[in-house]
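Hello,

Here is the structure I promised to pass along. Have a look, and my notes on what turned up follow below.

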Amino acid sequence: MSQEGSAPCAGLILSGGGARAAYQVGVLKAIRRLLPHGAPNPFPVICGTSAGAINAAAIATHATHFGQGVRGLEAVWSGFRAEQVYRTDAWGVSRRALKWLSALFLGGVGAHNPVSLLDNRPLRELLGQVLRFQRLEQAIASGDLRGLSITASRYTGGESVSFFQGHQSIPEWGRARRVGVRTQLGLQHLLASSAIPVVFPAVRIGDNFYGDGSVRQLAPISPALHMGADRVLVIGVSGRVGVAGDEQVPQRYPSVAEILGHVLDSAFIDMLEGDLERLERVNRTLEYIPEKARRREGPDLRHIQALHISPSEELDDIAAAHAHELPRSLRFFLRGSGATTGAGSTIASYLLFERGFTRALIDLGYRDALQRENEILRFLGYDPEQLYGRSGTVPVDLW
């Protein structure tokens, strides 16, 4: 059951997407099943943004026991209720909505500078109960983890800031509109990374306020490479599985929910998919550069293997089928915008922290990953035939 050659330094990249991040848990659950018993953490480098940062932190803090971390994630996501993430009572939702209406249309009378549409203090309490950040340094010291990166967007200056905690050999970095800052990671970094603008409040870290990391993250794969990954597994949460250009001609003006959903997708999904395309182009270009010339340019000029797993079904359709699970107070405010039906359900898919929806996404991620089991095992440096015999298929009773 040994690995082929030396162990690769695989990076795990978990993108943002609100409740859609449940899909990532299903993929990780499948990877836990595929790995042989006693296998070490398969991802020395872990990077997360927005809701993906929460999943990344949970896996990284359990780097010495990868399977235990995945089981814990599944337990939380399988039992999710929206009230664990944001206030869902009618008074709390109405009060914040009225503040925003006053700020927008009444010149701010009585608004007192509203900070967000939803109050996510329940999420802070939940994360404080389930995450133990002190385990990060222990995992790094033992060699089970090279580093964890959590990306947030700095409102002053507009940079994408990747806060990281990792091996002492990892240097800080700086590129156009993006920097890597070494720090002791904590709860505030997760809340900042997942603070969807307008929806959740910004978080103060030091002298600056930060919001959702997906908003200005021009190169989502970059933090993993800076921390030493030589290959990356990217788990996306795109809600569209069609080929570009195959959309139907619209018959009506888009609803408010459709427009807002388009804006959210552009922040959470488009940057990641664009960065993957750039990586593939660079890899193809490197094939035409002689090895000797590449060595002269240093370690930055190297081929990076990328494996991308994303939903095989439309997440918007799944969200529409579960929209009735949203808290009544939220359904009341979203119904008029068209966010609970049809094409407008993109908004609902980001806020549907309810067990019916999250379990459906976990199941989908699990099935999608098992369909690509040989790819995943080879990516992680394992030979499927050595692990599971000539069939290369994982035994049903392995777990």
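Trp77, Phe80 and Phe353 make up one aromatic cluster; rings of Phe, Tyr and Trp (its six-membered ring) count as a pair if their centres lie within 6.5 Å, with planes under 30 degrees apart called stacked, over 60 edge-to-face and the rest tilted. Please bear in mind that this is a predicted model, where local features need pLDDT of at least 70, side-chain atom pairs count only at pLDDT 80 or more, and totals for chains, interfaces and linings use all residues. Residues are numbered from 1 along each chain as its sequence is written, and side-chain values use heavy atoms, leaving out hydrogens and water.

The structure holds seven aromatic pairs. One of them joins tyrosine 86 and phenylalanine 200, tilted at 40° between the planes and 6.3 Å centre to centre. Both tyrosine 86 and phenylalanine 200 are buried (under 20% relative accessible area, with exposed over 50% and partly exposed in between, for a 1.4 Å probe and protein chains only). The pair of phenylalanine 164 and tryptophan 173 is stacked, because the ring centres are 5.2 Å apart and the planes are at 15°. Phenylalanine 164 and tryptophan 173 are buried as well.

Two charges also sit over rings, which requires NZ of Lys or CZ of Arg within 6 Å of the ring centre and within 35 degrees of the ring normal. Lysine 29 lies over the face of tyrosine 366, 4.9 Å from the ring centre, and arginine 231 lies over the face of phenylalanine 379, at 5.9 Å.

Best wishes
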